[in-house]
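Trainee: I would like to go through this entry and see what each label rests on. Could we take the labels one at a time?

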Amino acid sequence: WPGVLALPIIGEVGPDRAANMTESVLAHVVSERATHIILDLTGMKAVGADTARSLLRLAQAVRLLGARCLLTGIGAQLASVLTSLTFELSDVIALPTLADAIAHVLKERGVHLVSHKR
């Protein structure tokens, strides 16, 4: 919805794909005046240090544009690689699922979800 972008990342992310993805995401953040971008990593395959660095650089660049970057679906391998890097992770918001990220954005926007019992 307005101001929120979601990018499911599926498969392997090599240097060329990471560069194209970064360029495209940043252009969309600016053109859509996005306040949040959700990177869903659930479908990622083997993740190396270069891929992890690319994702963190993308998150930092999104932050420099004034938007928040949320990562969802981080697996055990990626979590291990991310923590081994020397990047500052305090600005990275990681949530288990895409639904959790959407709920987080709604909460930040002051929208309260109410569940109805049937």
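Trainee: How do you know that the span of helix α1 agrees with its 17 residues?

Mentor: First, the ground rules. This is a predicted model, in which local features need pLDDT of at least 70 and side-chain atom pairs count only at pLDDT 80 or more, while totals for chains, interfaces and linings use all residues. Residues are numbered from 1 along each chain as its sequence is written, and side-chain values use heavy atoms, with hydrogens and water left out. Now α1, which covers residues 15-31: the expected span is 1.5 Å times one less than the number of residues. For the 17 residues of α1 that gives 24 Å, and the end C-alpha atoms are 24 Å apart, so the two values agree. Helices (H or I, at least four residues) and strands (E, at least two) are DSSP runs, numbered from the N terminus.

Trainee: Which residues of α1 are buried, and what makes them one side of the helix?

Mentor: Ala 18, Met 21, Val 25 and Val 29 are the buried residues of α1. Buried means under 20% relative accessible area, exposed over 50%, and partly exposed in between (1.4 Å probe, protein chains only). The four cover an arc of only 65 degrees around the axis, and that puts them on the same side of α1; the arc is taken from the directions from the helix axis to the C-beta atoms. An α-helix has 3.6 residues a turn, so residues three or four places apart point the same way. The face turned away from the buried side of α1 carries the exposed residues Asp 16, Asn 20, Glu 23, Val 30 and Ser 31. The cover over the buried residues of α1 includes β1 (4-11), β2 (36-44) and α2.

Trainee: Why is His 28 called partly exposed?

Mentor: The relative accessibility of His 28 is 39%, which is why it counts as partly exposed. His 28 belongs to helix α1. Leaving aside neighbours within four places in sequence, His 28 is in contact with Leu 5 and Arg 33, where contact means heavy atoms within 4.5 Å.

Trainee: What is the phi of Arg 33, and why is Arg 33 called exposed?

Mentor: Arg 33 has a positive phi of about 50 degrees although it is not a glycine. Most residues other than glycine have a negative phi. Arg 33 sits in the loop between α1 and β2. Its relative accessible area is 72%, so Arg 33 is exposed.

Trainee: Why is Gly 66 called exposed?

Mentor: Gly 66 has a relative accessible area of 59%, so the label is exposed. Gly 66 lies in the loop between α2 and β3 (68-72). Its C-alpha atom is separated by 9.4 Å from that of Val 30, 36 residues apart along the chain.

Trainee: How are α2 and α3 oriented to each other, and what makes that label apply?

Mentor: The axes of helix α2 (residues 49-64) and helix α3 (residues 76-84) come within 9 Å and cross at roughly 75 degrees. That makes α2 roughly perpendicular to α3, since angles of 65 to 115 degrees count as roughly perpendicular, under 35 as roughly parallel, over 145 as roughly antiparallel and the rest as oblique. Axes are lines fitted to C-alpha atoms, for helices over the stretch in contact, and angles run from 0 to 180 degrees between N-to-C directions.

Trainee: Which residues make the contact between α2 and α3?

Mentor: From α2, Ala 49, Ala 52, Leu 55 and Leu 56 meet Leu 78, Val 81 and Leu 82 of α3. By class, this contact has seven nonpolar, no polar and no charged residues. Ala, Val, Leu, Ile, Met, Phe, Trp, Tyr, Cys and Pro count as nonpolar, Asp, Glu, Lys and Arg as charged, and the others, Gly among them, as polar.

Trainee: What makes the buried residues of α3 lie on the same side?

Mentor: Leu 78, Val 81 and Leu 82 are buried in α3. Their arc is only 100 degrees around the axis, which puts them on the same side of α3. They pack against β2 and α2, while the face turned away carries the exposed residues Ala 76, Thr 83 and Ser 84.

Trainee: How do you know that the buried residues of α4 line one face?

Mentor: Ala 101, Val 105 and Leu 106 are buried in helix α4 (residues 98-108). Seen down the axis, the buried residues of α4 fall within an arc of 140 degrees, so they line one face of the helix. Ala 99 and Lys 107 are exposed on the other side of α4. The buried residues of α4 pack against β1, β2, β3 and β4 (93-95).

Trainee: Is Ile 38 buried or exposed, and why?

Mentor: Ile 38 has 1% relative accessibility, so it counts as buried. This residue is in strand β2. Leaving aside neighbours within four places in sequence, the contacts of Ile 38 include Val 4, Leu 70, Leu 98 and Ala 101.
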